Amino acid sequence: MKKPGFLIIIAGPSGVGKGTVRKEIMKNKKLNLVFSVSLTTRAIRKGEKNGVDYYFVSEKKFKEAIKNGDLLEYNNYVGHYYGTSKSQVEKVRKAGKNIVLEIDVNGTKNVMKAFSKKDIVSFFIVAPSVKELEKRIRGRSTESQADIKNRLKKAKDEMKLKDKFDHVIVNDSPTRASKEITKIIKNAIALRG
Ligand code: ADP
Ligand code: 5GP
């Protein structure tokens, strides 16, 4: 039987570049990574695909998923629900592959409670400065002004929890940051044997 894969957590403030860095890391097929496609009730953004970036569902469907015990963890983030599919995580790990969870700090806390420390490799991504973070989130132009303000406010609370993570990574450049993360994941895989 294969050893179950790692839970690789990538968290950090909205707009810091989690998605960008994650897509870069996932190009390396040797890492055996599978992205955990979460369920969300937020609106789909331009360029996103249902079933690839998220499963975009109604609030009714999301609440049904909670009731049926389908979610490993979930949270309400600035007015929208987000949750991790339990069956996807179980299936991927059972196949010996590593599942990448791009989730918020609250979700991370719940995953850390539910799994052993040795099964998790967690990363908190930060921007080189608060000013740069604001520039990135505004530059993405995907949210309303009110939503951007809420996300920046939320970022300050999230930053306070960065020390709960195994690694804090500065996303100064997506290439450099993903190289740093890739090295850490490779080491974790090698150590586990
Ligand atoms: P998140 O997934 O954390 O919300 P995104 O990956 O969507 O963030 O990135 C937010 C914006 O910042 C995007 O427009 C992206 O192209 C840009 N970005 C990501 N990393 C960097 C970087 N290192 N330097 C400059 N811009 C970046
Ligand atoms: P966004 O709307 O920018 O895609 O995501 C907003 C926040 O929700 C980000 O911090 C993202 O990592 C987080 N998120 C995405 N999916 C999940 C999930 O399944 N669970 C939790 N707890 N947070 C999630």
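**Reading a predicted model, feature by feature**

Biologist: Which residues of helix 6 are exposed?

Modeller: In helix 6, Gln145, Ala146, Lys149, Lys153 and Lys156 are exposed. Exposed means over 50% relative accessible area, buried means under 20%, and partly exposed is in between (1.4 Å probe, protein chains only). Before we go on, this is a predicted model, where local features need pLDDT of at least 70, side-chain atom pairs count only at pLDDT 80 or more, and totals for chains, interfaces and linings use all residues. Residues are numbered from 1 along each chain as its sequence is written, chains are lettered from A and ligands numbered from 1 in the order in which they are written, and side-chain values use heavy atoms, leaving out hydrogens and water.

Biologist: Thanks! How many residues does helix 6 have, and what span should they cover?

Modeller: Helices are DSSP runs of H or I with at least four residues, strands are runs of E with at least two, and both are numbered from the N terminus. The expected span of a helix is 1.5 Å times one less than its number of residues. Helix 6 (residues 145-159) has 15 residues and should span 21 Å, which agrees with the 21 Å between its end C-alpha atoms.

Biologist: Which residues of helix 6 are buried?

Modeller: They are Asp147, Ile148, Arg151, Leu152, Ala155 and Glu158. Looking down the axis of helix 6, the buried residues fall within an arc of 135°, so they line one face of the helix. That arc is taken from the directions from the helix axis to the C-beta atoms.

Biologist: And what do those buried residues pack against?

Modeller: Contact means heavy atoms within 4.5 Å. The buried residues of helix 6 pack against strand 5 (71-77), strand 6 (80-85), helix 4 (105-114), strand 8 (120-126) and helix 5 (130-140).

Biologist: How many salt bridges are there?

Modeller: Side chains of opposite charge can pair when their charged atoms come close. The rule used here asks for a side-chain nitrogen of Lys or Arg within 4 Å of a carboxyl oxygen of Asp or Glu. By that rule there are 19 salt bridges. In one of them, Glu132 pairs with Arg136, with the closest N and O atoms 2.8 Å apart. Glu132 and Arg136 are four residues apart in helix 5, so about one helical turn separates them. Glu132 is partly exposed, at 22% relative accessible area. In another, Glu143 pairs with Arg151 at 3.9 Å between the closest N and O atoms, and both of these residues are buried. Shared partners join Arg42, Arg45, Glu48, Arg140, Glu143, Asp147 and Arg151 into one network of salt bridges.

Biologist: Where does Arg42 lie, and which residues does Arg42 touch?

Modeller: Arg42 lies in the loop between strand 3 (38-40) and strand 4 (54-56). Its relative accessible area is 7%, so Arg42 counts as buried. Not counting residues up to four places away in sequence, Arg42 touches Glu48, Tyr54, Phe56, His80, Tyr82 and Arg151. Arg42 and Tyr82 are 40 residues apart along the chain, with their C-alpha atoms separated by 8.2 Å. Arg42 also forms a salt bridge with Glu48, where the closest N and O atoms are 2.8 Å apart. Glu48 is buried too, at 17% relative accessible area.

Biologist: Which residues are closest to ligand 2?

Modeller: A residue is near a molecule or strand if one of its heavy atoms lies within 4 Å of it. Ligand 2 is surrounded by 16 residues, the closest being Ser38, Arg42, Tyr54, Glu73 and Tyr82. A polar side-chain atom of Glu73 is 2.7 Å from a nitrogen atom of ligand 2, and one of Tyr82 is 2.6 Å from an oxygen atom of ligand 2.

Biologist: Which residues come nearest to ligand 1?

Modeller: Of the 16 residues around ligand 1, they are Gly15, Lys18, Gly19, Thr20 and Arg140. A polar side-chain atom of Thr20 lies 2.6 Å from an oxygen atom of ligand 1. An N or O atom in the side chain of Arg136 is 3.2 Å from a nitrogen atom of ligand 1.

Biologist: Last one: what is the phi of Asn32?

Modeller: Most residues other than glycine have a negative phi. Asn32 has a positive phi, near 55°, and is placed in the loop between helix 1 (18-25) and strand 2 (33-35). Ser141 also has a positive phi, of about 50°, although it is not a glycine. Ser141 lies in the loop between helix 5 and helix 6, and at 56% relative accessibility Ser141 counts as exposed.

Definitions and conventions
Polar contact = N/O pair within 3.5 Å; in protein donor to acceptor, adjacent residues only side chain to side chain.
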